[in-house]
Every structure is written in C-alpha cells, then in structure tokens.
Amino acid sequence: MLIGAGTVLDEATARISGARFVVSPSFNENTAKECNLYAVPYMPGCFSPTEIQSALTYGADVVKIFPGSIAGKGIISEIHGPFPYVNVMPSGGVSLGNMHEWFASGAYVVGVGGGLVGPAKNDDYKAVLHNAQAFHNEFQSIIYANSAATRKVPVKA
C-alpha cells in the first residue's frame, strides 16, 4: 500500500506529509519543485493547456483534471492532441457508474474522493470498506475487459 496526501496546497504541506505521492487541486511551482527534489510523484490539478504545460515542465508525471465533472470525458482526447504523452487522472465526478467511461476516454488512472470515503463523515467505516472493494472490483473488471479486447485469439484455418 502507498500512502499519499491529497488537497496539498503548498510545498510545506507536501514536505511534512511524509506521503509517497502528492495530489493537489491546482498546480503550484514550489510544490512541484519540493516533490521533485525528494522524488515524490506530484499530481497537480489542471484545467487548461497552460496549466498542463507548466505542470509537465515542472516534472509532473500525472496531470489531474479537476473538476472532471465540469471538464467532461472529452477533455482527455482534446488534451492528448497537443500533449499525446501526458498521463491524465480525472478527479471530481468519477463514480462506480462512470469509471469505465473515463478509462475508455483515455484516463491513465482516476481519482475518487467522496464516492469512496463519504460515509466516514458518519463514522461508517464499514461502508468505506465496502466502497473500496466495489471500486477495486470495478477497476479489475475494466482491466480484464481491456486485456481481453487486446488479446490476440488464434484463428483456426
């Protein structure tokens, strides 16, 4: 298991978190520099080509599209036009019901917040565990479907 820190807004928080990866709702140059210095993957939230280019310039390996619910799934193919190599992580608006659509649209990985841990607000950690298992199962199903679709099936003559 890798423990990351989310909603990191500045380099001080990134540094003291001790996280193995850092996710932010926005791009911050100093946070990017801090993460790069300590070889901690940084996934900044971006919404425009300018922000994406800045994030890539400062070493981001994955760019978080946030909020995904506003951007829509079509943004991934549009981003891949000028940045065909960028790994895109939509966050905000990803659910069990649409996760497969995000991957089909070209997402490298997805970020899930409230749909996963929302029940913790009411101390319902069993529901959080149930949600985690449901998201894991859906992800495994997506991976299996994608690998089956790309497998070469021998044709008998």
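Select Thr31 and Glu11. The side chain of Thr31 reaches the backbone nitrogen of Glu11 at 3.2 Å. That is a polar contact (a pair of N or O atoms within 3.5 Å; within protein, one must be able to donate a hydrogen and the other to accept it, and residues adjacent in sequence count only if both atoms are side-chain atoms). This is a predicted model: local features need pLDDT of at least 70, side-chain atom pairs count only at pLDDT 80 or more, and totals for chains, interfaces and linings use all residues. Residues are numbered from 1 along each chain as its sequence is written, and side-chain values use heavy atoms, with hydrogens and water left out.

Stay on Thr31. Thr31 lies in helix 2. Helices (H or I, at least four residues) and strands (E, at least two) are DSSP runs, numbered from the N terminus. Buried or exposed? Thr31 is buried, at a relative accessible area of 0%. Buried means under 20%, exposed over 50%, and partly exposed in between, with a 1.4 Å probe and protein chains only. Now show what Thr31 touches: among them Val8, Leu9, Val22 and Tyr42, leaving aside residues up to four places away in sequence. Contact means heavy atoms within 4.5 Å.

Next, the rings. The structure holds two aromatic pairs. Rings of Phe, Tyr and Trp (its six-membered ring) pair if their centres lie within 6.5 Å; planes under 30 degrees apart count as stacked, over 60 as edge-to-face and the rest as tilted.

Select Phe27 and Tyr58. Their ring centres are 5.7 Å apart and their planes stand at 50°, so the pair is tilted. Phe27 sits in the loop between strand 1 and helix 2, and Tyr58 in the loop between helix 3 and strand 4, 31 residues apart. Tyr58 is partly exposed, at 26% relative accessible area.

Move to Phe103 and Phe139. This pair is tilted, with centres 5.7 Å apart and planes at 50°. Phe103 lies in helix 6 and Phe139 in helix 8, so the pair ties together parts 36 residues apart in sequence. Phe103 counts as buried at 14%, while Phe139 counts as partly exposed at 35%.

Last, the largest pocket. Its volume is about 950 Å³. Of the 36 lining residues, the closest to the centre are Phe21, Val110, Gly111, Val112 and Leu116. Strand 4, helix 6, helix 7 and helix 8 each give two or more residues to the lining. A pocket is an open set of points on a 1 Å grid over the protein atoms alone, where a 1.4 Å probe fits, with protein on both sides within 12 Å along at least five of seven lines; lining residues have an atom within 4 Å of a point. Volume is the space filled by probe spheres set on the points, which are joined across faces, edges and corners.
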